[in-house]
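Please read them with the coordinates open.

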Amino acid sequence: MGDAKEAGAEGPPAGAAARGGLSLLSQGESEESSAQGSALFLGGNEVKSRAVVKYSSAPPRTAFARLEEKTDLKLPPANWLRESAKLGPAGTTILGNSKKSKPFSSFGMAYDFIDSVGNDVDVVSDSENIKKLLKIPYSKSHVSMAVHRIGRTLLLDELDIQELFMRSSQTGDWTWLKEFYQRLIDQKWQRKKKSKEHWYQKAILSKFLYYSINGDGAAQPVSSTAEQQESSSSDQTNDSEGASWPAPFEMPSSVSEDPSASSQGSEPLEPSYIVGHVASAPKEQNLITLFNDGEHSQGLKNDFVRNILWTFEDIHMLVGSNMPIFGGGRYPAVSLRLRDNNKPINVLTGIDYWLDNLICNVPELVMCFHVNGIVQKYEMIKTEEIPNLENSNFSTKVIKDIAQNILSFLKSNCTKEGHTYWLFKASGSDIVKLYDLTTLCEETEDKYQNPFTMPVAILLYKVACNMMMKKNQNKKHYGTIRTLLLNCLKLLDKSRHPQPSCAFPVCHDTEERCRLVLSYVLEGLKSVDSSIKKESDLPAADPSTPIPLKYEDESSRGGPEGLEKQMALFLDKMGSLQKGNYSSQSGMIPGSWQHKMKLQLILKSSKAYYVLSDAAMSLQKYGRALRYIKLALQSHDTYCCLCTNMLSEVLLFLSQYLTLCGDIQLMLAQNANNRAAHLEEFHYQTKEDQEILHSLHRESSCQGFAWATDLSTDLESQLSVSCKCYEAANEILQFSDLKSQNPEHYVQVLKRMGNIRNEIGVFYMNQAAALQSERLVSKSVSAAEQQLWKKSFSCFEKGIHNFESIEDATNAALLLCNTGRLMRICAQAHCGAGDELKREFSPEEGLYYNKAIDYYLKALRSLGTRDIHPAVWDSVNWELSTTYFTMATLQQDYAPLSRKAQEQIEKEVSEAMMKSLKYCDVDSVSARQPLCQYRAATIHHRLASMYHSCLRNQVGDEHLRKQHRVLADLYYSKAAKLFQLLKDAPCELLRVQLERVAFAEFQMTSQNSNVGKLKTLSGALDIMVRTEHAFQLIQKELIEEFGQPKSGDAAAAADASPSLNREEVMKLLSIFESRLSFLLLQSIKLLSSTKKKTSNNIEDDTILKTNKHIYSQLLRATANKTATLLERINVIVHLLGQLAAGSAASSNAVQ
């Protein structure tokens, strides 16, 4: 803002007109200033005051000594200007003999109480400046203050124009402000010297205070030499009182590492770390320390005896005060004042005393009156009585309103953070003016001449850092932090001050923000690199030339075996980092500001790239994610080369980077179909990334993690790299006890290690199965297969150990289940060679199947109960049932009769089948229930067939034959019931029923009586009737599949059914027709024979008649060789319906 801002009041405050209130700036006055006017209104109301001492360097209060009447204060006491044990280290400061406050006094306080700046406090200032502001309506004295805004906080400092222009005359600095002052305010400016009366009053005040401490009541003259020395020193300070103004700030070339700034009353700063997001650097490397030398060279220390948090009405102020406070009155604290008895107290003095006591929370004022330096009397006044003193009465309401309106005026006009505003009221004038000196300074040749520039920049930076490092940091502060830092940068000349431009925080969860951070990081790296002296000795790099990503074919790296060597080198490097090895290529001096800054910038870049990689991972952009994590690891590799003391937090970051890298490599392995797109994204580079890499290459080759970030085209290599990333992340957690300090991350790493080892184990297992399928049956197991089994088993074993170490029972059970599957593949590989007809179940098969069973049982023991994870529990049970079933089936189909007796084989088959049934849950409703029912039905069918076969082949033991007969009938019945529950197993149901008919026919051959045979035949025909359900299912499926066929296409449509095994159905249908024809014929023969011997048997006659009719139809149907499958099934369904109806009719006739 190029123009000045001026403010005049709407009108003088009540009761202030006679004392010189502010007048309204009219439109007609000064054309140059009227366009810049802003109104400042002063009013009044009741007051509330509260003071809390935040810091004090004062010794315990000393009771003041009441001086005897007639004591001559012109004579110095013996202790004058000497240190006193009663005074402590504060010495002369407490007694008001120090120089006036320095021009940056508010900054010293702000640095010490950084938590209050920008948020909780409205004003930070010297108490003298506060008093000057509140006395404006009553005083004709000039007011000159610098105002700075940081957040909602205003910093007020005295701007001594006299001192400033004296400096300008000597050095040529500040000429722009001097010219501006003379042009707008005072064309005939000249230095105003203070009167001898001023120095006289100051001298007797000092002697009075020392007398009050001395306490002997007698004047003890000092030597005339000492008086002359003091007098001459007073004369010398006439023209140079106060702190001298420094030149525009220049940063030293090297910065001390020892932070010496005080921090009384401030909260300890804590770092924040990444896991979902990236935050600031660790506390040990906090960049705030880099500014400390600059602060102290500018005189920015907090040198007030007391720092007080003063709340005046609703205004919160951090105030510095050096007022002497004594004990010894009616209250524990009093202020001591010296007054000339010939001069009455005026309003300005009363306001001064009242405000001092309010600010310091002192309840009583003690005044000592003198005449020409001779003590006359003492008077004690309560603080609340001061506004009512004779000749100095004033309204506290007016003072309150003055404070509120001045604060409102300043806040509404001093709006730009980092700008220096000048609040000025000329002596004798009623007009308060406000100028933006920063804008005026920018119009000069050197816009960095403003001496407030560096202190304000430091304060902006410190407030931002403080917000970043608070534990309760949340996202709503990020915008504020960014604004503070941007305003800090605007104030600085990068060529003079490269350090602050390196100090930006890493933003969080979006690519846009991280890219913004990387742009700041790049600016910082450029600033650091340009300041390193040895830069000219380095080989030049072209920033526009992409740095190759060192892509290598996996064959050149030696595959997984080469990874082992690279991992060993990596772990050696990690071990050396613990010893603090330093290897910078650019020649940076360890501990220099460049070294510290570059470390911080590189760490921030690695965090930013990590966040970008994680975001790309969530978007399934795996090539981009790998590129970003590669940049993060290259940054970290450079950090490792530069770091002299690796912090555990940084090692934790590295573990997180490697964990994410392992995730990305695994996802790339599982998404090989889109490899070309991933490869393109991986090789893409922005100009910004290239320039950051060039800066990194100044310090390091950046190849420490090349083994982890190459994009391979081989699935095995990708899985191996992923595994090594997780292993490296785990190894890092072993350093510095990170494992116990970060248990959640440790658990995640071990879970990932278990998972990737499962993936690799399954990969090798599938390769072994593929080799097995390609191998001819006659050949034995190859060495390659066995090697793959060993690799797969080793991975599963390590994965199980990972999950068990973190008590992850579910995943451990899944890996045990996969190990069981591997054992089954081994068993299948050992199946008997040679002729299929001569094959027998081998001992090797039995060994591996039993090993598989052991692993499945271990998986169940790991889970404990089904409640832990029902789906996994059911899956393990199913696999266990399958293993028992497969082993039993193979023993049954390829009975090892050369090694075992038939009875032993039957016993082992029966036991295995029963165990398979045990782990096959047919009752629970689930997606797997039909499979379980089918498995159980098949087991019952196989057991029935086995006992049926035993019965056919067995001779002799009638008890055993009867037992087998009962078991066969039982299992056939169970199998038929289960198959009837299934809608997609009509052939199996038909086969079971036909075997049951065959079993009945076999029983009939051993029967001699016609009655017994008829009974068996009747039972067999009943079984035939119950097959109607199976034929109906086949019939329904045929009709639904093709619809009602047209007459001309009936044969073609019916014979083309793809969903049924036509050959199987035709075969079973032919057998069924044959057996039904046989049973009907035998029934007709037996019934006819029985009819000749007996008569009047209505039931037999009905059955005979029905059977003959059905038999006749069946013969005609089977004779038709042109009938389609569907037509033949329709006939069978029709005949079975008649047979069922005939049986029902005969039963009713008997009843």
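Predicted model: local features only at pLDDT ≥ 70, side-chain atom pairs only at ≥ 80, totals over all residues.

How many aromatic pairs does the structure hold?

1. The structure holds 17 aromatic pairs. One of them joins phenylalanine 841 to tyrosine 849, with the ring centres 6.4 Å apart and an angle of 15° between the planes, and the pair is classed as stacked. Phenylalanine 841 is buried, as is tyrosine 849.

2. A cluster of rings also deserves a look in the viewer: Trp310, Phe312, Trp354 and Phe394 are linked into it by ring pairs.

3. Two contacts place a charged side chain over an aromatic ring. In one, the charged end of lysine 462 sits over the ring of tyrosine 111, at 4.7 Å from the ring centre; in the other, arginine 935 lies over the face of tryptophan 878, and here the distance to the ring centre is 4.2 Å.

4. Turning to salt bridges, the structure holds 31. Glutamate 688 and arginine 515 form one through their side chains, with an N to O distance of 3.2 Å. This pair links distant parts of the chain, given that glutamate 688 belongs to helix α21 (residues 687-697) and arginine 515 to helix α14 (residues 511-531), 173 residues apart. Arginine 515 counts as buried because its relative accessible area is 17%, which is under the 20% cut-off.

5. Aspartate 529 forms a salt bridge with arginine 698, in which the closest N and O atoms are 3.4 Å apart. Because aspartate 529 lies in helix α14 while arginine 698 lies in the loop between α21 and α22 (706-709), the pair ties together parts that are 169 residues apart in sequence. Both aspartate 529 and arginine 698 are buried.

6. Another salt bridge is the one in which the side chains of arginine 624 and glutamate 681 meet, at 3.7 Å from N to O. This pair, too, links distant parts of the chain, with arginine 624 in helix α18 (residues 622-642) and glutamate 681 in helix α20 (residues 675-683), 57 residues apart.

7. Finally, which residues do salt bridges with shared partners join into one network? The members are Glu128, Lys131, Lys135, Arg337, Asp352 and Asp356.

Technical notes:
Residues numbered from 1 in each chain as written. Heavy atoms only, no water. Phe/Tyr/Trp six-rings, centres within 6.5 Å; stacked < 30°, edge-to-face > 60°. Buried < 20%, exposed > 50% of the residue type's maximum accessible area, 1.4 Å probe, protein only. Lys NZ or Arg CZ within 6 Å of the ring centre and 35° of its normal. Salt bridge = Lys/Arg side-chain N within 4 Å of Asp/Glu carboxyl O. Helix = DSSP H or I, 4+ residues; strand = E, 2+ residues; numbered from the N terminus.
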